[in-house]
Amino acid sequence: MLAVGVTKVHVCEDAFSSLRWSLVCHAVKPVVPRCSVPKSVPVGKPAELHCLEKEGYPKSQYQWFRNKEEIPEDPKSSPKFFNSTYTLSGEMGTVKFSAVRKEDAGEYYCRARNEAGFSECGPQMMEVYDINIAGIILGVVVVVTVLLCITVGIFCAYKRGYFTSQKQTGNNYKAPAKGDGVDYVRTEDEGDFRHKSSFVI
């Protein structure tokens, strides 16, 4: 929000009058900024912290704190941040770590300030953890072993014929069983049947 005072100024110019407005701006205290801190970051990976508020006037400048200690713009200027590798922008409200270290873990919060006052966001915890290389390698080995066992099992089953389809061949054909020894012969008249005996010797 921008507090504005308005005054009227009457000016005579070239035999006619014009009405001018002049604006008197008052400083406005920043509101609570929106802060963004990653919850967990692996060692050696980059990380970014963001802080922003748009209501204060004049435009806010930003400070970052870790465990209630202000983060300096130059890490080499403080023994507590000497080993950290980051870039801090007081105008943009950002802290950019090129490669986080275990020492960078902690509670972070941001302060937005101008000549009318300041506001802070709540602290947020950033954890820094080691990457378990041995666990990753073990997991890969287990997955490869399981896939290899499945492949070998399928190959063995195929070799033993479990996956071959059983087709009916001519050798498997069975002739229909003969009757009771009586052959039926059709005569010239439709529907007239007679039978003759057949003897098998």
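**Strand pairing and disulfides in a predicted model**

Strands S3 and S5 pair antiparallel, with three bridges between them. S5 covers residues 47–52. Within this pairing, serine 36 lies opposite histidine 50 of S5. The structure described here is a predicted model.

S3 and S5 belong to an open sheet of four strands. The strand order is S3-S5-S9-S8, and the pairing is antiparallel. S3 (34–36) and S8 (86–89) are the edge strands, and each of them pairs on one side only. On average, neighbouring strands of this sheet are turned by 5° against each other, with direction ignored. In general, the strands of a sheet pair through backbone hydrogen bonds, in either a parallel or an antiparallel manner.

A further antiparallel pairing involves S10 and S11. Strand S10 spans residues 106–114 and is joined to S11 by four bridges. Asparagine 114 has glycine 117 in S11 as its bridge partner. S11 itself runs from residue 117 to residue 120 and has two faces. Gly117 and Ser119 make up the covered face. Phe118 and Glu120 lie on the uncovered face.

The model contains two disulfides. One is formed by cysteine 35 and cysteine 121, with the sulfur atoms 2.0 Å apart. This link is left-handed, at -105° about the S-S bond. The pair ties together distant parts of the chain, 86 residues apart. Cysteine 35 sits in strand S3, whereas cysteine 121 sits in the loop between S11 and strand S12 (124–129). Both cysteine 35 and cysteine 121 are buried.

The other disulfide joins cysteine 51 to cysteine 110, again with a sulfur separation of 2.0 Å. The link of cysteine 51 and cysteine 110 is left-handed too, at -85° about the S-S bond. Here the partners are 59 residues apart and connect distant parts of the chain. Cysteine 51 lies in strand S5, and cysteine 110 lies in strand S10. With the bonded cysteines numbered in sequence order, the pairing reads 1-4, 2-3.

Accessibility was then considered for individual cysteines. Cysteine 51 has a relative accessible area of 2%, so it counts as buried under the 20% cut-off. Cysteine 110 is also buried, because its relative accessibility is 0%. Cysteine 149 reaches 52% relative accessibility and therefore counts as exposed, the cut-off being over 50%. Cysteine 156 has a relative accessible area of 36%, so it is partly exposed.

The average pLDDT of the protein is 78, and 66% of the residues score at least 70. Over residues 1–22, the pLDDT is below 50. In the model, this stretch has 36 contacts beyond near neighbours in sequence. Where pLDDT is low, predicted coordinates should not be read in detail.

Technical notes
Residues are numbered from 1 along each chain as its sequence is written. This is a predicted model: local features need pLDDT of at least 70, side-chain atom pairs count only at pLDDT 80 or more; totals for chains, interfaces and linings use all residues. Side-chain values use heavy atoms; hydrogens and water are left out. Buried means under 20% relative accessible area, exposed over 50%, partly exposed in between (1.4 Å probe, protein chains only). Two strands pair if DSSP finds at least two bridges between them. Axes are lines fitted to C-alpha atoms, for helices over the stretch in contact, and angles run from 0 to 180 degrees between N-to-C directions. pLDDT is the predictor's confidence in each residue, from 0 to 100. Contact means heavy atoms within 4.5 Å. A disulfide is a pair of cysteine sulfur atoms within 2.5 Å.
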